Amino acid sequence: ASYQFSYNGKNMGSATRTLSKSGNNWTYVFVAKAGAMASATETSHFSLNDEGHILSNSFIRHSKVLVHNNSMSINFNPSAKIIHTKKDKQANSFAWVSGALDELNAELQLREDLKASDLKSSYPITDAKGVELRRFIKQDNEQVTTFYGTFDTIKVVMKHNKPDRDTIFWLAPKLDYAPVKVFHQDGKTSYGLLLTDYKGTTNQSI
């Protein structure tokens, strides 16, 4: 899926979300570029069990704003019951939590749960410091017009631990519940994604 990427309400560039697999090894990649000024890449590796639950393997994020580079990595080791993280040069480790997700593959778990039944009350999301239960709240259905067309969507809000931070997904059942619009607010800063192209699974009966 390809998107127009906006920052603080201004069109700044483009972004893609790409899902691929080899056997039961899945890779989900998010790339955003705003000219020469900024870029970000997130990659999640995981597998799926028979119940449609994601088994996280690793996650890495690289971002660059002007001359400033930042990185974060997460390695999940369920057999040793431990998670290792590294944010820039700061390494950390903490106890593994069953069902632990990263911020990128959590979106895919939402999609699987919506297809199967409904959202869970909370999801264990991993960041550099630990695993935190976060709530995803399904709101009213909304019709969203994108550059690729108009879609009936399910609006889902992810609640963060900061009161002025929210992430909102508009997921289109017709496009296998892929996000056609995303909005993230963090204090006075915001970014948005709006679908421009899609090549993937569709459900024409919806």
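**Pocket and chain**

Author: The largest pocket is lined by 44 residues, and E42, R61, R165, H184 and Y191 lie nearest its centre. A pocket here is an open set of points on a 1 Å grid over the protein atoms alone, where a 1.4 Å probe fits, with protein on both sides within 12 Å along at least five of seven lines; lining residues have an atom within 4 Å of a point.

Reader: Wait, is this from an experiment or a prediction, and how is it numbered?
Author: This is a predicted model, so local features need pLDDT of at least 70 and side-chain atom pairs count only at pLDDT 80 or more, while totals for chains, interfaces and linings use all residues. Residues are numbered from 1 along each chain as its sequence is written, and side-chain values use heavy atoms, with hydrogens and water left out.

Reader: Back to the largest pocket. What volume does it have?
Author: About 1400 Å³. That is the space filled by probe spheres set on the grid points, which are joined across faces, edges and corners.

Reader: Which strand gives the largest share of its lining?
Author: Strand β5, residues 54-65, with five residues. Strands (E, at least two residues) and helices (H or I, at least four) are DSSP runs, numbered from the N terminus.

Reader: How many lining residues are nonpolar, polar or charged?
Author: The lining has 17 nonpolar, eleven polar and 16 charged residues. Asp, Glu, Lys and Arg count as charged; Ala, Val, Leu, Ile, Met, Phe, Trp, Tyr, Cys and Pro as nonpolar; the others, Gly among them, as polar.

Reader: What share of the residues is buried?
Author: Of the 206 residues, 40%. Buried means under 20% relative accessible area, exposed over 50%, partly exposed in between (1.4 Å probe, protein chains only).

Reader: Then Q90: buried or exposed?
Author: Exposed, because its relative accessibility is 57%. Q90 sits in strand β8, residues 90-95.

Reader: What about D88?
Author: D88 is in the loop between β7 (82-87) and β8. Its relative accessibility is 36%, so D88 counts as partly exposed.

Reader: What is phi for D88?
Author: Near 55°, a positive value in a residue other than glycine. Most residues other than glycine have a negative phi.

Reader: Where does D176 lie?
Author: In the loop between β13 (165-172) and β14 (178-186). Phi of D176 is positive too, near 60°.
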